[in-house]
Amino acid sequence: MYQFNLKAEAESVSCLYFDRPGEVNTEATLKRAAIRAEELKIKKVIIASASGETAIKALDIFHDCQLVVVTHSTGFYRPNFQEMPAEVRKKLEERGAKVLTCQHAFGGVNRAVRRKLGTYELDEIIAYTLRAFGEGMKVAIEISLMAADAGLVETGVPCISLGGTEKGVDTAIVLKPVNAQNFFDLRVMEILAKPGFWQEEERKK
């Protein structure tokens with residue numbers, strides 16, 4: 001059997017490939033990302049969390065990291081409604097997390113065009129392209145743009161970003177974040193966990 005020559009300028013980094021996407025993979029994804037954060041001395045971790053439940057779990061797993069929690073925008077499901085309760089946000093902030101609520105990088109005014117006129121705009125085309133790697137990959141990249149635009153992570157400095165499918169997290173990546181206006185300069189450095197899609201296809205969005 002062929003053996004890889006790891007003396008070449010390369011590194012073997014393990015990735016978890018889950019049987020199916022979704023919340024069931026949350027703990028494993030968090031722990032895999034935490035191990036890599038420690039190995040790489042990464043200090044910033046971005047995580048998507050609508051209700052705050054996943055972010056609270058992350059606080060107990062990541063150590064010596066600044067957690068940046070990105071929520072759904074207010075009004076995502078219905079006008080004036082924010083999914084993360086105020087008391088959960090306060091709890092996260094009291095434990096040192098930064099909680100960000102803002103317009104989604106791949107949604108907003110362009111989504112209004114789609115809803116009103118039935119025409120997809122560029123940002124949602126990018127989102128659908130990223131979903132070829134899974135919903136969690138799209139989310140992980142999107143929230144990194146949002147965090148960079150808010151000044152909560154430094155562009156060009158490697159960090160870990162975690163996203164999921166509907167609830168929880170099932171995808172973790174190491175990336176160099178950029179501002180949304182420089183999206184095409186973003187670099188995904190490592191994939192630490194994602195659904196493998198061998199046994200079950202992700203529900204279409």
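This is a predicted model: local features need pLDDT of at least 70, side-chain atom pairs count only at pLDDT 80 or more; totals for chains, interfaces and linings use all residues.
Local features need pLDDT of at least 70 and side-chain atom pairs count only at pLDDT 80 or more, while totals for chains, interfaces and linings use all residues. Residues are numbered from 1 along each chain as its sequence is written, and side-chain values use heavy atoms, with hydrogens and water left out.

**Stop 1: Glu-11 and Arg-36**

The structure holds 11 salt bridges, a salt bridge being a side-chain nitrogen of Lys or Arg within 4 Å of a carboxyl oxygen of Asp or Glu. Select Glu-11 and Arg-36, a salt-bridged pair whose closest N and O atoms are 3.4 Å apart. This pair links distant parts of the chain, 25 residues apart: Glu-11 is in the segment before strand 1 (16-18), and Arg-36 is in helix 1 (residues 26-40). Helices (H or I, at least four residues) and strands (E, at least two) are DSSP runs, numbered from the N terminus. Glu-11 is exposed at 57% relative accessibility, whereas Arg-36 is buried at 5%. Buried means under 20% relative accessible area, exposed over 50%, and partly exposed in between (1.4 Å probe, protein chains only).

**Stop 2: Asp-60 and Arg-95**

Next, select Asp-60 and Arg-95, which form a salt bridge with the closest N and O atoms 2.8 Å apart. Asp-60 sits in the loop between helix 2 (53-59) and strand 3 (66-70), and Arg-95 in the loop between helix 3 (86-94) and strand 4 (98-100), so the pair ties together parts that are 35 residues apart in sequence. Asp-60 is partly exposed, with a relative accessible area of 49%; Arg-95 is partly exposed at 40%.

**Stop 3: Arg-114 and Glu-124**

Move to Arg-114 and Glu-124, a salt bridge with its closest N and O atoms 2.8 Å apart. Arg-114 belongs to helix 4 (residues 109-117) and Glu-124 to helix 5 (residues 122-130), so the pair ties together parts that are 10 residues apart in sequence. Arg-114 is partly exposed at 25%, while Glu-124 is buried at 4%.

**Stop 4: the nonpolar patch**

Finally, select Tyr-120, Leu-122, Ile-125 and Tyr-128, which make a nonpolar surface patch of about 410 Å². Patches are made of residues with over 30% relative accessible area and no salt bridge; like charges are joined within 9 Å, and nonpolar side chains (Val, Leu, Ile, Met, Phe, Trp, Tyr) within 5 Å. Accessible areas come from the Shrake-Rupley method with a 1.4 Å probe, and for residues only the protein chains shown count as cover. Tyr-128 is in helix 5 and is partly exposed, at 38% relative accessibility.
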